[in-house]
Amino acid sequence: MAKRIDVGGLNAYYGNHKAIEDISMTVEPRSVTAFIGPSGCGKSTFLRTLNRMHEVTPGGRVEGKVMLDDENLYGPGVDPVSVRRTVGMVFQRPNPFPTMSIYENVAAGIRLNGGRVRKADMDAIVEKSLKGANLWKEVKDRLNKPGAGLSGGQQQRLCIARAIAVEPQVLLMDEPCSALDPISTLAIEDLIGELKEQFTIVIVTHNMQQAARVSDRTAFFNLAGVGQPGKLVEIDDTARIFSNPSVQATEDYISGRFG
Amino acid sequence: MSDVTMEQPQVADRAPQPRSSLRQPRLPRWAPPAVAITAAAVGVAIGLGAGLSSRIQWGLIAALLFVLGMYGLAARVEGRRQAKDRLATSLVWVCFLIAVVPLLSLAWETVGRGSKVLDGSFLSHSMSGVLTIQPGGGVYHAIIGTLEQVGIATAIAAPVGLLTAIYLVEYGRGRLAKVVTFFVDVMTGVPSIVAGLFVLSFWILMLDFGYSGFAGSMALAILMMPVVVRSTEEMLKLVPNELREASLALGVPKWRTILKVVLPTAIGGIATGVTLAVARIAGETAPIVLLVFGSQVINNNPFDGAQSSLPYYIYEQWAAGNEASYDRAWAAALVLIAFVMILNLVARGIARWKAPKHGR
């Protein structure tokens, strides 16, 4: 299921503004890779280039290549829609579909793609996904209630269930816990630990303890100044990044001596 | 303010705690209605005393007295900031009354006069064979005309308007979108008679078709389209971008995202917008006079021959100028208002039924 991501010489732009410059890295399968760095350094932009969501933004454009195993996501003839089916995404703010029930939200990825699935099979997929997102016990008696009626933490887990229901190879998470309380955060962190058995996970976070807790490898991004493009400073095993990073800037950022 | 300064030493004598600066004298809750009643009474008295004949003048004097009275009273008792607050509040109330009084009197008048001849026979008979000076006759042919003309106009304008709005919000970038927006704005300002003249010269004079309900529908569609585009555009813009991204990130193609996520989320507002547009064109008379010609008999076929419609019927009966026709005009006005009202209720029903759900 899980695939390796190999990024080479990637630049991303908003119109004429270069947001990230010359990023190359490898994301290992069945592991958690965390992106840390100051606001505006292009972590989220880079994350969105990994499933071609960057170009959804007006003016958004990408140069370079992103290899998913041996296929270039930006190669000629690649359909962004099928890329996004392979590389799922969870957003910063929980965004369940307000017109749909909990059940329909989880089924949305399949149903909106026009998949004809028998009721019993769909029930099984929904149950499996909700169990995968540790939400099943809380919602199994009210699957037909609106998804927007859940608490923030539950909504975010519903969004994770929705993302894993389409069985992607890779799961991208853009600050999935920044709008949540510590208990919901813990629930999601535990979940990330379980999900990495099956998926390749990339998570953007501002919380360095979180990066240290959940990730196997950590990438530090930084930008030279306002208006300058963000760059990858280094990527290494999380333990090494947090104990003995090879670049001074990383150590400064992690220890709070930033600037 | 004076009460406060008088109380202060007493409080200080009794207990050493400092005077609360958070508490201030307030007008009692019955003060605004009391001032309003007083102002109304004084307004009537001044009106009678000065021999002003117009009730509107009495009302305006009372309104002015109310606003000034509230301000003065609040300034004396509560202080300047509160007085300004009271001033704004009373102005809002006065404006609300000024807006609502004509509306209510219109409804009152229409219901009062219209219900005189409004009965089953009025709704189910045409004016065929009825002289305008005779009582009797009915509005059936006009209802048929309005329903068919407005229905066809909606069938043309709603899809075109909806798709235009979707283009502008979801796809439109660059020059074409700007041009479309510009022309939609221009179309919003087209007077109904101009739309009627356009269809008249194009459809009836150049292409040589006869008068028909359909010709009227085309003019109504021209009037309706920009309203639908505008309201739908606003509603689609209200759909949070996060929902689109959530759907796209699931690997859903853009057109399905629009169809299954964006439109259902906005459908309540879109339905309301379309209904308001329908309500706007249901009352149009000018294009009907030019293009549908008007008729006294039932014509069920909107594509051939003259028809009537409710606004045209009202105009025609009023122009006839006698008691029986006035009664019919008012009754038809009541029917028209009821028609628009029912449409509004339907739209609200759809909006409530389809609204994003938040229950637990």
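What covers the buried residues of α3(B)? The cover includes α2 (31-50) and α4 (80-114) of chain B. This is a predicted model. The report starts with that helix, then turns to the interface, the salt bridges and some loop residues.

**Helix α3 of chain B**

Helix α3 of chain B runs over residues 55-77. It has 23 residues, so at 1.5 Å a residue it should span 33 Å. The C-alpha atoms at its ends are 32 Å apart, which agrees.

Its buried residues are B:Trp58, B:Ala62, B:Ala63, B:Phe66, B:Val67, B:Met70 and B:Ala74. An α-helix has 3.6 residues a turn, so residues three or four places apart point the same way.

Now look at the two ends. B:Ser54 caps the N-terminal end of α3(B). A side-chain oxygen of B:Ser54 lies 3.1 Å from the backbone nitrogen of B:Ile56. Just after the helix comes B:Gly79, with a positive phi of about 105°.

**Where chain A meets chain B**

Chain A gives 32 residues to the contact, and chain B gives 23 residues. Between them the chains bury about 2,300 Å². Of that area, 63% is on carbon and sulfur atoms. A:Pro98, A:Thr99 and A:Leu112 supply 25% of the area that chain A buries against chain B, more than any other three residues.

Polar groups also meet here. Across the interface there are 5 residue pairs in polar contact. On the chain A side, α2 (80-86), β6 (87-90), α3 (102-111) and α6 (152-165) each supply at least two residues that touch chain B. By class, this side of chain A has 16 nonpolar, 8 polar and 8 charged residues.

The count of salt bridges between chain A and chain B is 2. In one of them, the side chains of A:Arg48 and B:Glu245 meet.

**Salt bridges**

Over all chains, the whole structure has 24 salt bridges. The table lists some of them.

| Pair | N to O distance |
|---|---|
| A:Arg48 and B:Glu245 | 2.7 Å |
| A:Asp236 and A:Arg240 | 3.0 Å |
| B:Glu78 and B:Arg26 | 3.9 Å |
| B:Glu170 and B:Arg244 | 2.9 Å |

Take B:Glu170 and B:Arg244, which pair through their side chains. The pair links distant parts of the chain: B:Glu170 is in helix α6 (residues 140-171) and B:Arg244 in helix α10 (residues 241-249), 74 residues apart. Both B:Glu170 and B:Arg244 are buried.

B:Glu78 and B:Arg26 also form a salt bridge. B:Glu78 is in the loop between α3 and α4 of chain B, while B:Arg26 is in the loop between α1 (2-14) and α2, 52 residues apart. B:Glu78 counts as buried because its relative accessibility is 2%. B:Arg26 has a relative accessible area of 52%, so it is exposed.

In chain A, A:Asp236 is buried at 19% relative accessibility.

**Loop residues**

Most residues other than glycine have a negative phi. A:Arg52 has a positive phi of about 60° although it is not a glycine. It lies in the loop between α1 (43-49) and β4 (60-68) of chain A. A:Arg52 counts as buried, at 12% relative accessibility.

B:Phe293 is not a glycine either, and its phi is positive at about 80°. B:Phe293 lies in the loop between α12 and α13 of chain B. At 47% relative accessibility, B:Phe293 is partly exposed.

Terms used. Residues numbered from 1 in each chain as written. Chains lettered and ligands numbered in written order. Predicted model: local features only at pLDDT ≥ 70, side-chain atom pairs only at ≥ 80, totals over all residues. Heavy atoms only, no water. Helix = DSSP H or I, 4+ residues; strand = E, 2+ residues; numbered from the N terminus. Expected span 1.5 Å × (residues − 1). Buried < 20%, exposed > 50% of the residue type's maximum accessible area, 1.4 Å probe, protein only. Contact = heavy atoms within 4.5 Å. Polar contact = N/O pair within 3.5 Å; in protein donor to acceptor, adjacent residues only side chain to side chain. Buried area = accessible area lost by both parts, 1.4 Å probe. Salt bridge = Lys/Arg side-chain N within 4 Å of Asp/Glu carboxyl O. Nonpolar A, V, L, I, M, F, W, Y, C, P; charged D, E, K, R; others polar.
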